2 protein chains.
Amino acid sequence: MSTRGVSVVGVGMIPFGKYPERSLADLAWPAVKAALADAGAAPKEIDAAYCGAAFAGMLAGQRILGRIGLTGIPVVNVENACSSSAAALREAVLAVRSGESDVALVIGVEKLSKFGGGTIPLEEEDWEVRQGLLMPALYAMRAQRYMHEHGLTREQLAAVAVKNRKHGALNPDAQMRKPVTLDEVLASRPVAEPFTLLQCCPAGDGAAAVVLCASTLARRFRRDPITVAASHLASGKFVPGFRDMTTPEITVRCVKEAYEEAGLGPQDLDVVELHDAFTIAELIYYDAFGLCERGTAGEYLASGATTFGGEVVVNPSGGLLAKGHPVGATGAAQVVEIVRQLRGEAGERQVDGAKVGLTHATGGGIAGFDHGACAIHVLTR
Amino acid sequence: MSTRGVSVVGVGMIPFGKYPERSLADLAWPAVKAALADAGAAPKEIDAAYCGAAFAGMLAGQRILGRIGLTGIPVVNVENACSSSAAALREAVLAVRSGESDVALVIGVEKLSKFGGGTIPLEEEDWEVRQGLLMPALYAMRAQRYMHEHGLTREQLAAVAVKNRKHGALNPDAQMRKPVTLDEVLASRPVAEPFTLLQCCPAGDGAAAVVLCASTLARRFRRDPITVAASHLASGKFVPGFRDMTTPEITVRCVKEAYEEAGLGPQDLDVVELHDAFTIAELIYYDAFGLCERGTAGEYLASGATTFGGEVVVNPSGGLLAKGHPVGATGAAQVVEIVRQLRGEAGERQVDGAKVGLTHATGGGIAGFDHGACAIHVLTR
């Protein structure tokens with residue numbers, strides 16, 4: 001069966017950071033207003049809303065939209081760990097494709113400052129977590145393994161943070177706007193060997209919003225709609241026996257399916273926002289996306305291929321390491337960045353001539369890979 | 001545009017009750033297995049899953065499906081307070097209509113026993129909650145107002161509990177299986193005037209699951225598929241100034257839209273599962289659904305119209321008052337009951353010749369009606 005095309009016509013976000021005095025609704029409504037204004041859409045034109053958050057409590061979307069009088073419409077709250085608002089976006093895409101919605105709003109929001117710092121709380125039912133296998137420890141093991149298998153050096157690993165902090169310094173919406181040197185990264189406080197503090201994304205609060213619609217309606221809102229060429233979601237698969245720690249099975253499979261849906265491949269990408277929760281993650285995903293030969297991600301980054309002027313600019317926003325990672329807000333914020341890049345509105349961090357972008361939000365799946373969620377969107381102009 | 005029809009081909013649930021020793025995943029997977037067996041579907045035939053829960057923590061659906069090896073597929077966790085799994089069902093319906101999914105699984109699950117009893121925790125940001133306006137108090141005010149406006153008596157109100165406990169006594173999956181007399185209801189412990197304990201739904205744990213598919217594929221699974229004639233979701237609208245406490249705006253609007261989508265009206269309903277969290281709720285919804293003249297719900301119930309042999313049997317499962325109300329599980333469990341009724345599989349509580357059924361799950365919206373969510377499904381055979 002044929003379904004409707006979907007386009008993004010509005011984006012907005014608040015600068016990520018720490019807002020302990022704001023409620024969740026207070027965090028999010030300015031992002032929603034910005035996205036509506038960006039689309040030139042009145043609240044009454046929105047016929048469905050999806051709110052992605054991981055730690056939001058009940059009816060977050062309704063609480064947010066109540067603040068701006070956008071009530072009555074179907075509102076669905078989606079939780080999928082770090083990919084919550086990316087999964088919410090996919091639900092909105094399906095609602096438009098199904099004909100149920102013409103113009104939908106997606107919100108991503110999180111308030112991590114309410115937890116008072118440290119790593120985010122995880123499910124006690126996970127025995128891995130009870131053994132201390134929190135996210136920094138898990139990714140540290142992956143980093144050790146990558147270094148062992150492929151000869152990645154500590155300096156090559158730390159260079160991810162240098163690049164993304166350099167990018168984030170150009171982004172007014174980034175939580176960490178100060179560039180850092182390789183020495184500063186390596187000398188920062190140890191967290192989990194080989195990670196130092198600057199190789200871990202910061203905790204923070206944030207919100208982002210996206211307006212999308214049936215492509216046939218897009219030019220009502222803007223002359224430069226961005227097409228959703230692929231909207232893909234996967235959960236992890238259990239792998240019995242030996243687990244290849246440097247192959248993120250869920251991302252490898254999800255990106256393959258997303259490429260197929262969009263009818264393109266890694267060589268077509270101009271700009272990517274990917275899930276660099278820790279430095280090693282960005283390198284592992286270079287391999288997983290097929291941006292470079294497997295095991296060569298350290299050299300690929302060192303070549304300049306993934307910064308401004310390179311083959312494909314990865315995390316021009318600063319990524320999770322510099323823009324910040326308020327869990328539920330990240331997926332939507334990645335889309336905000338790619339849309340701005342494809343429109344040519346990214347200011348000092350503009351990727352020249354960007355036509356094809358990809359977003360990648362993945363989460364959960366501590367050691368049991370089958371518990372994860374990964375959402376990938378391909379956007380084109 | 002035309003979209004695909006959707007049918008229900010499998011249902012399953014566990015008896016609602018208190019299972020403090022079980023994890024959320026342990027509660028839910030037997031319901032999922034039962035629904036798959038009921039559909040005659042292998043796990044590998046399921047291509048998408050939606051999990052509705054209000055207090056489940058991260059990645060509940062993934063944790064549940066990991067237990068039975070159903071991994072890899074898109075899994076979306078939906079939170080919409082008391083209508084969480086009803087909203088999850090609607091997302092699954094849209095996924096099938098959009099062509100993204102052929103055979104989808106919906107899970108509703110909740111473990112309230114982890115809170116140790118009493119009323120469920122609500123958002124502290126709601127100033128109404130901070131003032132003590134918890135659900136029993138809110139519905140008690142509505143009851144007082146209905147009594148004042150329409151001359152409803154305490155006995156007519158309490159009769160809702162007598163009816164639904166009578167129904168629940170016939171349901172092996174009900175949490176409260178002991179019939180009660182009017183005197184017992186009135187003499188039970190006071191909770192919030194005019195409610196006594198037996199006029200409030202019990203807290204408990206539970207899980208329910210539904211398998212649905214494109215109608216064109218339904219007979220692969222069963223000879224008696226049930227058609228989803230309407231799948232509707234709404235959020236509340238803010239009503240400035242005077243609020244009519246006996247008119248649930250969100251339900252009135254949502255049911256009107258659901259009737260329109262299904263092309264039928266209240267006179268066509270044979271069986272209804274509605275959201276009787278408190279006795280008054282059932283009566284207010286008789287009015288809202290157009291089952292009786294406004295203000296006459298007490299007499300309508302007393303006439304026997306809504307029990308076995310009556311015009312439209314309401315809550316044959318026992319409803320929230322007797323079957324129980326593990327928040328996120330309720331919407332899916334209502335569908336389980338209606339499907340069993342429409343198939344003629346409801347045993348001692350079978351509604352003779354039932355052809356058209358309706359489910360109604362609504363929640364949130366303490367005093368601020370704009371914060372609520374209401375989901376209504378119309379099912380036909």
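Predicted model: local features only at pLDDT ≥ 70, side-chain atom pairs only at ≥ 80, totals over all residues.
Residues are numbered from 1 along each chain as its sequence is written, chains are lettered from A and ligands numbered from 1 in the order in which they are written, and side-chain values use heavy atoms, with hydrogens and water left out.

**Where the chains and domains meet**

Let's start with chain A. Its domain assignment, which is automatic or from a database, gives domain 1 (6-116 + 204-224) and domain 2 (127-200 + 230-380). The C-alpha centres of these two domains of chain A are 23 Å apart. In their contact (heavy atoms within 4.5 Å), domain 1 of chain A supplies 41 residues and domain 2 of chain A supplies 35 residues.

How big is an interface? The size is often given as the accessible area lost when the parts come together. Here, buried area is the accessible area (1.4 Å probe) that two parts lose on being put together, summed over both. On the domain 1 side of chain A, A:Met13, A:Phe16 and A:Cys82 lose the most area to domain 2 of chain A, together 26% of what that side buries.

Between chain A and chain B, 55 residues of chain A are in contact with 55 residues of chain B. The table puts both interfaces side by side.

| Interface | Buried area | Share on carbon and sulfur atoms |
|---|---|---|
| Domain 1 of chain A with domain 2 of chain A | about 2,700 Å² | 66% |
| Chain A with chain B | about 4,300 Å² | 55% |

**Salt bridges**

A salt bridge here is a side-chain nitrogen of Lys or Arg within 4 Å of a carboxyl oxygen of Asp or Glu. Over all chains, the structure has 41 salt bridges. In chain B, the side chains of B:Asp38 and B:Arg222 form one (3.0 Å, N to O). That pair links distant parts of the chain, 184 residues apart: B:Asp38 sits in helix H1 (residues 24-39) of chain B, and B:Arg222 in the loop between strand E7 (205-214) and strand E8 (226-235) of chain B. Helices (H or I, at least four residues) and strands (E, at least two) are DSSP runs, numbered from the N terminus.

Between domain 1 and domain 2 of chain A there are 4 salt bridges. Chain A and chain B also have 4 salt bridges between them. A:Arg343 pairs with A:Asp38, with the closest N and O atoms 2.8 Å apart. B:Arg97 pairs with A:Glu100, with the closest N and O atoms 3.2 Å apart.

**A helix crossing**

How do H3(A) and H12(A) meet? The axes of helix H3 (residues 84-97) and helix H12 (residues 330-343) of chain A come within 5 Å and cross at roughly 70°. Axes are lines fitted to C-alpha atoms, for helices over the stretch in contact, and angles run from 0 to 180 degrees between N-to-C directions. H3(A) and H12(A) are therefore roughly perpendicular to each other (65 to 115 degrees). A:Ser85, A:Ala86 and A:Leu89 of H3(A) touch A:Thr330, A:Gly331, A:Ala332 and A:Val335 of H12(A).

Most residues other than glycine have a negative phi, and most peptide bonds are trans. A:Ala81 has a positive phi of about 55°. A cis peptide bond joins A:Glu193 and A:Pro194, with omega about 10°.

Methods
Parallel < 35°, antiparallel > 145°, perpendicular 65-115°, else oblique.
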